[in-house]
Amino acid sequence: MLARLEQFKRYPYSAQSRHQQGVTWLRFTMDRDGKVLTARLERSSGFDLLDQETLALIQRAQPLPKPPADVPGNPIELVVPIEFYLTARK
């Protein structure tokens, strides 16, 4: 799931140029077909641009991978970290 979200994550240029970094915690529910039913921030990064990108990326990433049969529930609720960190340039 995290790999799928990482594929669709975009680090906002404005946030990068301001050296804004952090982690948001995204809470969402999905059905067994990978459709996102609800999404909200569980915890903010402290930066509006990063928080907004987190909510946008969950929509772009649909459909999400279907959960394995041994994962119970319908819908399924998850809380995942979304990390925004600048890498050091050499």
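Author: Accessible areas here come from the Shrake-Rupley method with a 1.4 Å probe. By that method the chain has an accessible surface of about 5,800 Å². Carbon and sulfur atoms hold 51% of that surface. Keep in mind that this is a predicted model.

Now the whole chain. It has 90 residues, and 32% of them count as buried. Its C-alpha trace spans about 45 × 25 × 20 Å along the principal axes. There are 3 helices and 3 strands. From the N terminus, the order is α-α-β-β-α-β. Take the contacts with a separation of 6 or more: residues 24 or more positions apart account for 74% of them.

Next, the strands. Strand β1 covers residues 22–30, and strand β3 covers residues 76–84. The two pair in the antiparallel sense, over 9 bridges. Strand β1 also runs antiparallel to strand β2, residues 36–43, with 6 bridges joining them. Phe-28 shows both pairings. In β2, the bridge partner of Phe-28 is Ala-39. The hairpin of β1 and β2 has 5 residues between the strands. There, Gly-34 takes a positive phi near 90°. In a regular strand, side chains alternate between the two faces of the sheet.

Now the rings. How many aromatic pairs does a search of the whole structure find? The search finds 1. The pair is Tyr-11 with Phe-84. A pair of rings is described by the distance of the centres and the angle of the planes. Here the centres of the Tyr-11 and Phe-84 rings are 5.4 Å apart, and the planes stand at 80°. An angle over 60 degrees counts as edge-to-face, so that is what this pair is.

Where do the two rings come from? Tyr-11 lies in the loop between α1 (2–8) and α2 (13–17), while Phe-84 lies in strand β3.

Tyr-11 is at 19%, so Tyr-11 counts as buried. Phe-84 is at 0%, so Phe-84 counts as buried too.

Lys-9 lies over the face of the Phe-84 ring, at 5.1 Å from the ring centre. Phe-84 thus has two partners to look for: Tyr-11, edge-to-face, and Lys-9, over the ring face.

Definitions and conventions. Residues numbered from 1 in each chain as written. Predicted model: local features only at pLDDT ≥ 70, side-chain atom pairs only at ≥ 80, totals over all residues. Heavy atoms only, no water. Pairing = 2+ DSSP bridges. Helix = DSSP H or I, 4+ residues; strand = E, 2+ residues; numbered from the N terminus. Phe/Tyr/Trp six-rings, centres within 6.5 Å; stacked < 30°, edge-to-face > 60°. Buried < 20%, exposed > 50% of the residue type's maximum accessible area, 1.4 Å probe, protein only. Lys NZ or Arg CZ within 6 Å of the ring centre and 35° of its normal. Contact = heavy atoms within 4.5 Å.
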